[in-house]
Amino acid sequence: MKNITVIGSGTMGNGIAHTFAQYGFNVAVVDISDDALSKALQTIAANLDRQVKKGVINEQTKADTLNHISVFTDLAEGAKNADLVIEAATENQEIKLKLFKQLAEICGENTILASNTSSISITKIASVTKNPGNVIGMHFMNPVPVMKLVEVIRGYATTDNVTATVMQLSRTLGKEPVEVNDYPGFVANRILMPMINEAIYTLYEGVAGVQEIDTVMKLGMAHPMGPLQLADFIGLDVCLAILKVLQDGFGNPKYAPCPLLVNMVTAGHLGAKTGKGFYQYTPGSKELVVAGKFSR
């Protein structure tokens with residue numbers, strides 16, 4: 001397995017492409033616009049520079065990594081020779097199903113089709129393909145080049161061989177894969193999102209402020225980042241989408257998203273990517289400042 005196609009060049013897509021290319025795989029990155037692909041290459045180059053500065057890699061590895069990446073705006077052209085396709089598009093079921101229907105027509109019968117989805121059913125995604133046994137989840141953590149975990153999600157029809165291949169491939173990337181079964185939220189987000197939602201409810205009900213809630217979890221529970229800061233980092237729209245998947249999938253009101261989260265997403269305050277969430281983000285500054293809406 002040498003040819004990898006990554007669909008989507010955003011935060012997760014460019015991180016996945018970076019990681020595979022760094023380990024010597026030929027990577028084709030597919031997105032709908034040249035601008036998005038150009039930004040992705042700039043991000044990868046900047047992240048490689050950071051690795052060079054830290055002594056993780058040398059200049060030759062950086063050059064080799066960039067040389068292993070090609071970009072495409074045409075899905076058929078970018079995916080036609082893939083041994084493995086990893087979809088890292090928007091966390092939207094309709095978009096993912098459409099992509100996998102197309103991939104089923106483009107790719108060979110032995111190509112493994114993976115999704116980086118953080119919550120959407122792999123079984124559902126596989127149902128629109130010709131060979132559901134070859135469909136699997138590869139849920140990387142952000143930032144991909146740094147984080148060790150890959151949550152490998154086995155759909156109802158995923159074969160033993162495909163699962164074993166993806167588990168071993170993840171180890172080849174220096175990752176620690178964990179096999180889980182296909183139920184809403186899998187393991188990571190089934191546990192994480194209710195915690196984030198409860199933190200938002202704690203703020204919403206006036207129990208404590210943003211900084212106080214995050215400090216309790218960092219100092220008391222040894223979390224490297226508080227749940228509200230983490231929600232900003234993930235993207236509040238993504239958190240909301242995952243909670244809706246959990247609520248719909250289990251039919252349990254305990255997964256219902258906090259009204260404050262719904263309002264923030266509706267207002268376009270999505271966290272770090274928009275510059276404002278529970279905290280306020282200024283380009284070039286690492287200072288953690290509580291958003292004016294929540295400052296006391």
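Let me start with strand β5, residues 112-115, which pairs with β6 in the parallel sense over three bridges, and please keep in mind throughout that what we are looking at is a predicted model. Within this pair, L113 stands opposite V135 in β6.

Now look at what lies against these strands: helix α5, residues 93-106, packs on the sheet and touches β1 (3-7), β4 (84-87), β5 and β6, and its direction makes about 170 degrees with that of β5.

If we step back to the whole sheet, we find eight strands forming an open sheet with mixed pairing, in the order β3-β2-β1-β4-β5-β6-β7-β8. The edge strands, each of which pairs on one side only, are β3 at 69-72 and β8 at 176-181, and from one strand to the next the twist averages 25 degrees.

With that picture in place, I would like to turn to one residue, T129, which you will find in the loop between α6 (122-126) and β6 (135-140). Is T129 buried or exposed? Its relative accessible area is 10%, and because buried means under 20%, T129 counts as buried.

Which residues does T129 touch, if we leave out those up to four places away in sequence? They are F100, A104, L113 and V135, and here we meet again the two residues that stand opposite each other, L113 and V135.

Finally, consider the side chain of T129, where a polar atom lies 2.8 Å from the backbone oxygen of A126.

Conventions: Residues are numbered from 1 along each chain as its sequence is written. This is a predicted model: local features need pLDDT of at least 70, side-chain atom pairs count only at pLDDT 80 or more; totals for chains, interfaces and linings use all residues. Side-chain values use heavy atoms; hydrogens and water are left out. Helices (H or I, at least four residues) and strands (E, at least two) are DSSP runs, numbered from the N terminus. Buried means under 20% relative accessible area, exposed over 50%, partly exposed in between (1.4 Å probe, protein chains only). A polar contact is a pair of N or O atoms within 3.5 Å; within protein, one must be able to donate a hydrogen and the other to accept it, and residues adjacent in sequence count only if both atoms are side-chain atoms. Contact means heavy atoms within 4.5 Å. Two strands pair if DSSP finds at least two bridges between them. Axes are lines fitted to C-alpha atoms, for helices over the stretch in contact, and angles run from 0 to 180 degrees between N-to-C directions.
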